[in-house]
Amino acid sequence: MSLRRLKVAVTVGGEATDPSPNNESENKAKRQTVVLDNGSEVVFMPRFVSFDQAWTWFDYLNTHIPWTRPTIRVFGRSCLQPRDTCYVASPGLPQLVYSGYQPHAYSWDDHPPLKQILEAVHKALPGSSFNSLLLNRYKGGNDYVGWHSDDEKLYGSTPEIGSLTLGCEREFFLKKKPSKTCQESRDDQEPKSKRLKRNHADQHSFTLKHGSLLVMRGYTQRDWMHSVPKRTKVEATRINLTFRWVLEDPGAMS
Ligand SMILES: O=C(O)CCC(=O)C(=O)O
Ligand SMILES: [Fe+2]
């Protein structure tokens, strides 16, 4: 897969990226902002949290979270989701349903370290708010997440998703949807073959390392898809936490 070079603006700032008080130097982590076209944006913080803190969280979550590997429906077929999962949400929110599966919503109080992690994410992203969390556990390179967008109605039209990686690093890909919603009108005049070629060039990749935070914003879910593909040589476990904001009344959006 040929990947276009990213248009990356790197800022070095004093973001509060680590909740532990003795890690001031690590708090000066680099923050990369990738401005995608038509109002989509990805922010990447490779060292959001210190190595040691990230391992402490990994060990806790790996052993204490009630992981489950549900049966889901993909293209009309039932299959085992190719990774473990768990869902946490604030009380009273509409229920999440994806791929025909409705996960049980655990409480933040069930796992106090999650509240600490949420606090660290909020501190790093002033002005952002998250009230739900989807956890994934990839138990080696055969576990993956296929191409998808987190564009469920309950997240609204421009959801912000903060994605924390703990443990084994994995590649994360973004590719632009070949849909008309994100096309400029001049596309209509282009031959289809040219259009497809140009769309396939619209791909980006990130290596999601231990302790990194990737944030998708704006119209990224409407216009782009993302995936974490299989990696045959990988054996170690990766835990991923995606923080999201669930609208209390998604019906009011439409
Ligand atoms: O594991 C990741 O980095 C991505 C997970 C993801 O896309 C999801 O849970 O929707
Ligand atoms: Fe996703």
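The donors of the iron ion, ligand 2, follow the spacing H-x1-D-x75-H along the chain. They are His148 through NE2, Asp150 through OD, and His226 through NE2, lying 2.1 to 2.2 Å from the iron ion. A donor here is an N, O or S atom within 2.8 Å of the metal, or 3.2 Å for Na, K and Ca; water is not among the atoms, so sites may look incomplete.

Asp150 and His226 link distant parts of the chain, 76 residues apart. Asp150 sits in the loop between strand 9 (145-148) and strand 10 (161-167). His226 belongs to strand 14, residues 224-228. Helices and strands are DSSP runs, numbered from the N terminus: H or I of at least four residues for helices, E of at least two for strands.

Buried means under 20% relative accessible area, exposed over 50%, and partly exposed in between, with a 1.4 Å probe and protein chains only.

A word on the basis. This is a predicted model, where local features need pLDDT of at least 70 and side-chain atom pairs count only at pLDDT 80 or more, while totals for chains, interfaces and linings use all residues. Residues are numbered from 1 along each chain as its sequence is written, chains are lettered from A and ligands numbered from 1 in the order in which they are written, and side-chain values use heavy atoms, with hydrogens and water left out.

Now Ser149. It is in the loop between strand 9 and strand 10. Ser149 counts as buried because its relative accessibility is 11%. Not counting residues up to four places away in sequence, Ser149 touches Lys177, Gln221, Trp224, Met225 and His226. Contact means heavy atoms within 4.5 Å.

Next, the helices. Where do helix 2 and helix 3 meet? Gln53, Trp57, Tyr60 and Leu61 in helix 2 meet Pro112, Pro113, Leu114, Gln116, Ile117 and Ala120 in helix 3. The residues of this contact divide into 8 nonpolar, 2 polar and no charged. Nonpolar covers Ala, Val, Leu, Ile, Met, Phe, Trp, Tyr, Cys and Pro; charged covers Asp, Glu, Lys and Arg; the others, Gly among them, are polar.

Two loop residues deserve a look. Asn38 has a positive phi of about 55 degrees, although it is not a glycine. Its loop runs between strand 2 (30-36) and strand 3 (40-45). Asn38 is partly exposed, at 36% relative accessibility. Phe75 has a positive phi of about 50 degrees, and is not a glycine either. Phe75 is in the loop between strand 4 (71-74) and strand 5 (77-80). Phe75 is exposed, with a relative accessible area of 85%.

The overall picture: 5 helices and 15 strands. Of the 254 residues, 48% count as buried. Among contacts with a separation of 6 or more, 77% come from residues 24 or more positions apart.

Finally, confidence. The protein averages a pLDDT of 85, and 78% of the residues score at least 70. pLDDT is the predictor's confidence in each residue, from 0 to 100. Over residues 1-28 the pLDDT is below 50, yet this stretch has 64 contacts in the model beyond near neighbours in sequence. The complex gets an ipTM of 0.99 and a pTM of 0.84 from the predictor.
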